[in-house]
Each structure stands twice: as structure tokens, then as C-alpha cells.
Amino acid sequence: MNDLAVEVKGLSVRFGDFYAVNGISFTVRRGETFGFLGANGAGKTTTIRVLCGLLRPSEGLVSVGGISFDHNEQAVKAKVGYMSQKFTLYNDMTVEENLNFTASLRKMEKATYEQRRKELFDFISFDKPLNTLVRDLSGGTKQQVSLAAALLHDPEIIFLDEPTAGVTPASRSRFWQLIRQLAKRNKTVFVTTHYMDEAEQCDRIALMREGRIIALDSPEGLKTAAFSTPMLEFDPRGSLSFAEVSAFARHDVFLFFEPYGLRFHAAIKSEDAWETVRNGFEKNFTIKRIKPSLEDVFIQIVEGKAG
Amino acid sequence: MNGFVWRRAVAVARKEVYHILRDPATLGAALVLPVFMVIMFGVAIEFNVKNVALAVSDSDQSQSSRRLLDTFGSSGYFLIHHVSSPHAGITDVSAERARAALVIPPRFEQDLFAGRGAEAQVLVDGTDNSTVGPVLGYVGSIQNMASQRIGGFDPSPPYEIRTRFLFNPELNSKWFVIPGLTVVVMSILSILLTALTVAREWENGSMELLLSTPVLPLEIIVGKLAPYGILGIIAVVFVYVIARTVFGIPFVGHLWVFGFGCLLFLITYLAQGLLISVATRKQTVAMQLSMMTGYLPSQLLSGFIFPIASMPAFFQYFTMILPARWFMLIARDTFLEGSSVLELAGPFLALALICGLMVFLAARRFKRDLEP
């Protein structure tokens, strides 16, 4: 059995002269939680739409669940579950009616469906009456029921397009607990997100910019690759003027010097150069060495700070 | 794996029924609109002009002039009030206290019996041309009747043209209007609601989610259109029953001919609604386009109220591309004349052609947009 859940080679999606996705290649292993990170318009949703069979690639080869789309889109659709950010469930229908509808579209047997529904309600800890209208559910619960609908037919691969957009931090945390449990059950999860803390929880992350993958690795691998020299955190001892901060940021010793809350994060070019100027900075800041966050990586790579 | 699966189409249809039952606007349009239209056109709107206010200046005050007035009064079309002079009559017309004035000069009777030819003048308010034609028609008939009653002689020429109105002997406008209502009601329920329901799926992103499942575009089309098709048929049955029972309108044709016409028209408009929704993908735009291309033509350019023969030549040809024009002919004909399909071959052929074209265009566009 092929160990790859998703295989993409030279995928391009063109709308007229505009390339939404431009020659990307990557693979996702079975049971992996794979994150797609990038700004709006980077090409994340276009890629996920191709993988779910909603868009035909302009160029390239796509295989999902070991099946090429060119041969049998319907077979691929049977293997995947999709949850979009924009639409979750029909608000004017009850939870039961929504799930019945999904089960009918998937041609599920009644007994299998009812068994699956019970398992999934246990999985998401849903304890409300089945005849609750979806519009009466909270945003977080709606997302969880929506996930249950996407998992109803027990898909091998689950595509989640910004699944936690617009829900509370507590609901986001709960949703990611569910994603981790799916990973434990050897499900492949392909998720796009804007949130760095969510991306940290993926096994591997692809960073997208202007339709291209500009980095692909585990969170730790990305951090190591992006920062070969140490990261420093600068905590100001007193108030600083805008001109002073600008002067620090332009200093030759830094790769970048960026605000991070009330503090600053900076990457230095070399240890030797840093040691020569260190005392001068320590007059104004308490300085400590830190591990870079994914946000630092994002700034470094996606925003093109490294040039 | 790739074939049409009825279970999925039925699931889409059942979901659509939930939406209809739980959306007050759709349910209102489906249930209230036909009732409202039948009441409005069946009871409130009257195309026959009656109770025309007539200002009468009778300067003769003779037995003959009174007989002339009696003839006007007993016709049932005029409400007479007397004024003191011809000038006062004109004043009443210009002040809109009267729609017409009848001026009987002095020596009306004298001229009549002397054989010099008596003259009376009718002045009609030309600003409201919807009443001018009928009033002139009434005056012509009343003139003949009055000649017999006043002079006791028959003024008729050596020949006589006798008019008999076929299919609607009393020229009852309800007989004319209510069968045409089937066209208007169906146009609203089929084209408008269909355009909205599919556009809604695009707008909230659920169409994409539907298509990520193995459901086929054709199953979505069938499932989404079927409830609105049934709604349209129910509305037509409703208008038919009201027409027959409440307004006593005869139905002399074959029900299956009428039903066949309904079905062709319904499919045409469902396809047009689908085409609009796929092309626009926005509910507001879909609504405006449905009104412009479906409802308004069926009301204004189908011959429902305004006769196509009276339109400028361009519009007479233009209306030929409108399905409502052809179904209007079929609906009225089957109600009042009872022609066979062969006799209605022209309208049926035109409707079938437009239907085929619309289904082809909608299916092609829908397939192109939905299939990856």
C-alpha cells in the first residue's frame, strides 16, 4: 500500500494570465498532520480545492489516496472529507437533518450511519438534542458538528480550510484536541490556517507565498533552517522613542529587528559581530537568547525579510 | 460509481423542502402570491368600463331628448348628472367630475320630426384613452337603440352587420384575465425561486461543499428544481380550481393539452432560473434578472394585459422569443376555445424550441461551472 496520502507534482492553477498556484510539488504521508500556512491570496485555498476535486489543475499531477484525479474523481471524493471555512452547516436545518443529508449524499447504509453518528457525537462530546436547529448552536459547537459531518463516512484524508476562523480561543483549543485525536487514529489531516500556534501543532508545514511553496519542513526544521544564528529577545529598560527604535532596527548586526508585543525579536548575523556591539545594547535592554517562534520564521521567510 | 443516483437527488430535494418550509419569504411567495394575484385580477381589476360619469346639457327638454337620455341611463354604462349649459358640461369634464358630456341642442325634437336630421354632441375626455374606445363603442350602440325608441322607425341601412362574440359572449374580462394568470403565477414561482435557491448555495459557499461529495451536478439540478416545479404545478392547479369554481370560467379544452403546455413552460422557466443563478451567483442580482427576464415580460409582453397585435412591429417580433407569449396563447385557448394540440401547433412548437434551447444553455453553463 502506498504510504503517501497526497502526492502533488508541478501543480499549477491558472486563471487567465494569473497563476494562483505556480508549479508546486509536495507529498503528505498517511497519518500526517500537514499544515498550509500563508497570507491571504497565497494559493492555499486554491490548492485545497484542487485536492478535493473542485478545481481542475492547469498543469501537473495530483494523486489523493493513491488515486489520480484524471482517472476517477468520484473515487477520490469518497476517500476525502472536506470542511470549508465559509460554510459549515445549513442553519435552518436541525443537526440530525444536516447529518442525514450528508449521509444520503455519501450513500451510507442506515445502520452504519447511525453507528458512526453515535461515535462521532462521543468524539466531539455533543450532548444536545438531535433536533436542535444549527442556528441555535454556538460558533464552536457548530464547527465541531461540521467536523463530524466531514468525518461521517470515515474518510482517510480530511481537508480543513481554516476550520477555526471566527471561533473563540477556547473553541480553537478544543478543535485542535480533536485534530490530534484524529492523527492518533492514523487519519491524514491537511489543514490551512492563519494561526501560528495552530501551525506549531502540525507534523510538517508548507509556507506559501504568491502561489509557490517557499519552505516545507517540520516546525523545528523550519526554525533551524531560517535561523542559523541565535535569536535574541530585547526587553526595553525604559521608554524608547520611535527614532531610537528605528536606529536599532537599521543596525548592521541584525538580520531583522522586529517588535514583538512590548519587546523586540531580532536575529543576528554572526556571534562575533554581536559581541562587539552587545554592551551598547545592554544599556537600553535586558537581552536573552530565545528559540524562534513560527511567527519569526514567517517574518523571515514568507515576508521576505531575508531578501 | 459515476451514474445518476436517485437517493442523492431525493436528499437534495428533501433539503430544499426544509428550506422552503422554514423560509417565510419563500413560503409566502408560494402560498400567498397565487391567492393575492387571483383576488387582484379576478375581483379588483375590471377591464370593462362601467359607470362612466356623463354630464348632460339638455337644452331641448322634449320627449325625444328624454328618451335619448333614458337610453343612455338604462344602458348600465353611464351615470348621468344634469348641468345647466354645454359650457358647464365641458367644465365638468375638464374638472374630472365627468368623463364625457352629452350636449342636446334646442330644437332637437323639431329637427328630428322635420326630417332635417337631429344632432346631439358627445364630448369625451381624451386624456384617459383607456376609456375613449369603450365609450365610443357604447355611444354607437346607444345611437341605434335610441333611433328606434325615439322615432319609432328603423334607421338601419339596407344591410346589417350583427356581431356575436365567440367563446366569451358577454366579453367578461375575467374569462380573459384569469386563464392568463397561470402564466404570471408560474413565472414568479419557477424562475424567481429557482434563481434564488441556487444563487443562495453559491453565495454561502455550500455549493462547493456539496460538490466535494460524490453528488453529481445533474443530481443537484434535479433535486433543487423538483420542489419548485411541484410548487409551480400546485399553483397552476390552484388557479385552475379558483377559475372554475369561484369565477365560473369554462374550460372547454383538453386538460392534458393544457397540462402539456404547463409542463413545457415550467421546464423552460426552471432552466432560465438556473441559468440566471449560475451566471450571477448573487441573490440580489439573480432576483433583479429574474424579474426583468421572467416576471415582467410575462406580465407586460405576453399579451396578458396589452394585446401583442397593438404593439409596434419590433415588439411583435421580439415577443416571439418569450416563452410567456406562447404559453399565454395555449392557456387562453385551452380554457375558452378548446383547440387541439394540432391546432395549437405553432405555439407548442415555439415553446418547445425555446424550452430546448434554454435547457441546453442552462445545462451547459451549469456543467462547465460545476465540473472541475
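Here are a few friendly notes on the predicted model above, taking chain A by itself and then its interface with chain B.

1. A word on conventions. In this predicted model, local features need pLDDT of at least 70 and side-chain atom pairs count only at pLDDT 80 or more, while totals for chains, interfaces and linings use all residues. Residues are numbered from 1 along each chain as its sequence is written, chains are lettered from A in the order in which they are written, and side-chain values use heavy atoms, with hydrogens and water left out.

2. Overall build. Chain A has eleven helices and 14 strands, taken as DSSP runs (H or I, at least four residues, for helices; E, at least two, for strands). Its C-alpha atoms fill a box of roughly 75 × 45 × 35 Å along the principal axes.

3. Packing. Of the 307 residues of chain A, 53% are buried, meaning under 20% relative accessible area with a 1.4 Å probe, protein chains only. Among the contacts in chain A (heavy atoms within 4.5 Å) with a separation of 6 or more, 71% join residues 24 or more positions apart.

4. The interface. Here 31 residues of chain A are in contact with 28 residues of chain B. The area buried between the two chains is about 2700 Å², with 59% from carbon and sulfur atoms; this is the accessible area (1.4 Å probe) lost on putting the two parts together, summed over both.

5. Salt bridges. The rule (a side-chain nitrogen of Lys or Arg within 4 Å of a carboxyl oxygen of Asp or Glu) finds two across this interface. A:Glu97 forms a salt bridge with B:Arg22, with the closest N and O atoms 2.6 Å apart.

Terms used: Buried < 20%, exposed > 50% of the residue type's maximum accessible area, 1.4 Å probe, protein only.
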